[in-house]
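Hi,

Here is the structure for your ligand work.

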Amino acid sequence: MIEKLQSSHELIIYDSELLANPSAEIFNPQYWQAQQQVTGSAQGRGTTWFIQLEKIQAALRHYRRGGLFGKLVKDHYWFSGWDKSRSVEEFHLLHHLKDAGVHVPRPVAARVIKKGIFYQADLLSERIPNAQDLVGILKQKSLSSDMYRKIGREIAKMHAASVNHTDLNIHNILIDDQEQVWIIDFDKCFVDDGDGWKPDNLARLKRSFEKELAKCHLNWKEPDLNLIRDGYSQPLGSGL
Ligand SMILES: Nc1ncnc2c1ncn2[C@@H]1O[C@H](COP(=O)(O)OP(=O)(O)O)[C@@H](O)[C@H]1O
Ligand SMILES: [Mg+2]
């Protein structure tokens, strides 16, 4: 069940099956550090903290801006309504995708703090257990044709749910030890009508392979993209 705690300056929405009585503290990494429940971290735009909750592990992320503008106003966003804030939108989008059967983290809780005309935001989502992102994997080994097709299929499932992933890069695709593909990081992503944007997601992914390849050795070659496209074009439910 999704529950809501609302005051004049703060909103928390949460899944009561995963969290019993959340306080604002649960979005504070120091709180979890003091309880010795931080199990690890990952570096993206900022730091994502992995936290041991009662039933599951979660990933805690504070929303930060990238780029030059981000250096000036690091984590403040223009407030234009509780439901239009980033963490709340990502929370609902993850729900929508989970319901559609796409492999994405289950949303645990989202918080928005209103500060005058700005807000700050945080998200707790389920940590995908025993998973590594594509960059990390491809630095060590190559992927099978089947795995590339599975990646294509997961993207197709996301597109069948009409979700435009505006930052589909190889840091945001994970593979776990059961060889399941997971898509993460839906900040600024949204439900989009039509199909015109779908090839742009795939083009973004292609650029991401190329960009990482220019930076370091990756066990990846251009034709691997065709395998992703293959999986993407298979009819869903074909048991690939
Ligand atoms: N739910 C999750 N399960 C496992 N790892 C995660 C999860 N969310 C994030 N990560 C790790 O943290 C990194 C950064 O998180 P991400 O949500 O992509 O934020 P950003 O790219 O904006 O910093 C990811 O590349 C991934 O390695
Ligand atoms: Mg990311």
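A backbone N or O atom of Glu126 lies 2.8 Å from a nitrogen atom of ligand 1. That is a polar contact (a pair of N or O atoms within 3.5 Å). A polar atom of Asn172 is 3.0 Å from one oxygen of ligand 1. For Thr48, a side-chain N or O atom is 3.3 Å from an oxygen of ligand 1. The protein covers 87% of the 540 Å² of accessible area (Shrake-Rupley, 1.4 Å probe) that ligand 1 has on its own.

This is a predicted model: local features need pLDDT of at least 70, side-chain atom pairs count only at pLDDT 80 or more, and totals for chains, interfaces and linings use all residues. Residues are numbered from 1 along each chain as written, chains are lettered from A and ligands numbered from 1 in written order, and side-chain values use heavy atoms, without hydrogens and water.

Now the shell. It holds 19 residues around ligand 1 (a heavy atom within 4 Å). The closest are Arg45, Arg61, Glu126, Ile128 and Asp185. By class, the shell has seven nonpolar, six polar (Gly counts here) and six charged residues (Asp, Glu, Lys, Arg). Domain 1 (2–126) and domain 2 (131–233) each give at least three residues to the shell; the bounds come from an automatic or database assignment.

Best wishes

Terms used: Polar contact = N/O pair within 3.5 Å; in protein donor to acceptor, adjacent residues only side chain to side chain.
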